Each structure stands twice: as C-alpha cells, then as structure tokens.
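Colleague: I've got a model open and I'd like to learn how to read it. Could you walk me through it?

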Amino acid sequence: MTPPGWTPEQMGDLAGRTAVVTGGSSGIGLEAAVELARHGAHVVITSREARRGDEALVRLRSRAAATSAEARELDLADLASVERFADGLAADHDRIDLLVNNAGVMAVPQGRTTDGFETQIGTNHLGHFALTGRLLPLLLVGTGETRDVRVVSVSSNAHRAGRLDRDDLMSERSYRPWPAYGQSKLANLLFTHELQRRLEDAGSSVRAVAAHPGFAATNLVAAGPMTRAPKPLRSLASGITKLVGQPAGLGAWPTLRAATDPDVDGGEYFGPSWPGGWRGAPVRVATSTAALDLDDARWLWDESARLTGVRFEALEIPA
C-alpha cells in the first residue's frame, strides 16, 4: 500500500542531470537509482564488485526505459579505491549534479578497513567524506541559482543512540557493534551540517541534505548483525524484516525527496512520517540534539580531513 503524501511522481524532469549513487547495486540505493533514471537523470551506480554493479545495471535498465546509466567499482573502505573512482569519474564527466552517499554497513563484527579505520566509521562516514571531497570540484562547477546541486547523506534512526567518542573514534578500547553503528550514523549528520555551513560560508548554492529510510526490508540485517548467526536464525530474521519493514522502494523515498524536492533547504533531514519514523511517506524530521552540536561537527570534520588526507580546499576556513 502506497502511503499518502509525497511520492516519486513529484520528482519532475531530471534530464541533463548526472547523479552518483553509492551502494547502487541493491536495496535502497538501487531503488533510488531506478527512480532517478526513470525521471531522466544519467545515473552512476557504484558497487564494491564490478560484477554486482554490472548485474544491477541490467536490472535498472529493465525497470527504467531508455535509461542513461553506468556502473563503476567503488570500495568506500579503501581510500585508494575512492581516489581511483573520483579520478575516473572526473575523466569522463565535467560535472555532477547529485551525489547520494547511500552505501553502508550495519552492526558488523569488529574489523578494520584497508586504511586501518574501524569498519563502520571508516565505511559509513570516512569513505563518504573522502568521496565528497574528491568529487567537490565536479559538484561546484558552474553552480549558480539556475543549477540545482545536492549532496544527500543517508543516515539512520540509530543516530539517536549514537555518541561521538573523540577519545576513541575507532572503538579501539571497546567495540560494540550497535554503538559503533550509531556513532557512524551520527557522523553522517554532523558531516551534513558542517558541509552545509561551509558551503554557505563559501557562497555556494550547493545543498547538503540528509535522509533516513526508516525500517526497510534490505539485506543490511543479514549482512550485519546476523552475519554469524545460525542459518535458521538468519532466515527467521529475514522473514521478520520483510514482514515488519517497508519495501526497499518505499525506503528510498526520503532520499529521493531530499534529492529532488525544489523546496528543500540545506541541512534538512527527511524520513518516514509514522511515529517512530519506521515507515510512511517522506517528511521533514528532527535529528537528535547531538547531531546539531557545532563543536562536534567541526572537530569531526578536522579529524576526518586529517585521517583521510582530503581537505575540501574550496571550502577551507582560514585559521
């Protein structure tokens, strides 16, 4: 059943626009990519494995007629992969109109990225921080009042339980999957607000916006908290997720509204309308107080730049 309220039918004509969707080979990312393509955008979907990206591209084209789309390999848990992707995209495209920072992992066992970061903060936040910074020149090209450019970061209701631990950002002293996930999703919002502040200070019309899908039936549960569970328990969890969660297509709607609604302001946050934010049509929603902490946002930005070596030169604030 389609919830009343905003729907993708209100997205309008996106012809001539180029959109990059990370994690576009499945779930919410693929659903968002399909709708963007249906409305005329040229869509670049990313996947950690080229094969999965190619398979997703076939599915996308089967659902969106006359689609202009491509698939590229990108591993957000590897800063060298992020750099290769950005360089390759810049070689083939002179601008980007929409960057959807969607890919992520959830409550996975303790691990490290290629660069030694805790897996969740490294993938969900630092990978996207580096990607946005490396693609910034393509986002800023020719921006003005007539060009609608946005960076949409996908967070989660779990950010409300998140706490930014400045003394142990990589969870080296103590690791618990869900608190680490909450911290990474809080980081997505802190990044959005600091990016928007810097864009405004630089006089840019680019908008940084955020969204969350509510409880959507995707493979995140199976690939995260249930990874090491016995097969019968994984099957049960998958069944419950499909029963309780809204379809991935509906879960993509907050992202799509944040990406295309002409009335969106920078720094806004979109999620499902039902109490608790589990499901429903996409509406403006509030973040936690922690997500609005300016000192934390500035600290996280500076620390992220130090860790990744990506500095967003066009948006640097003089000391």
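Modeller: We'll take the sheet, then the helices on it, then the cores. This is a predicted model, so local features need pLDDT of at least 70 and side-chain atom pairs count only at pLDDT 80 or more, while totals for chains, interfaces and linings use all residues. Residues are numbered from 1 along each chain as its sequence is written, and side-chain values use heavy atoms, leaving out hydrogens and water.

Colleague: In what order do the strands of the open sheet come?

Modeller: Strands are DSSP runs of E, at least two residues, and helices are runs of H or I, at least four, numbered from the N terminus. Two strands pair if DSSP finds at least two bridges between them. Here eight strands form an open sheet, ordered β3-β2-β1-β4-β5-β6-β9-β10, with mixed pairing.

Colleague: How many bridges join β1 to β4?

Modeller: Three, and the two strands run parallel. Val21 faces Val100 in β4.

Colleague: Which strands does helix α2 touch?

Modeller: Contact means heavy atoms within 4.5 Å. Helix α2 (residues 50-63) packs on the sheet against β2 (42-47) and β3.

Colleague: And what is a nonpolar core?

Modeller: A set of buried Ala, Val, Leu, Ile, Met, Phe, Trp, Tyr and Cys residues joined through side-chain atoms within 4.5 Å; buried means under 20% relative accessible area (1.4 Å probe, protein chains only). The largest one here has 46 residues, and α4 gives the largest share, nine. Another core, apart from that one, has 34 residues, including Trp6 and Val209.

Conventions. Axes are lines fitted to C-alpha atoms, for helices over the stretch in contact, and angles run from 0 to 180 degrees between N-to-C directions. Buried means under 20% relative accessible area, exposed over 50%, partly exposed in between (1.4 Å probe, protein chains only).
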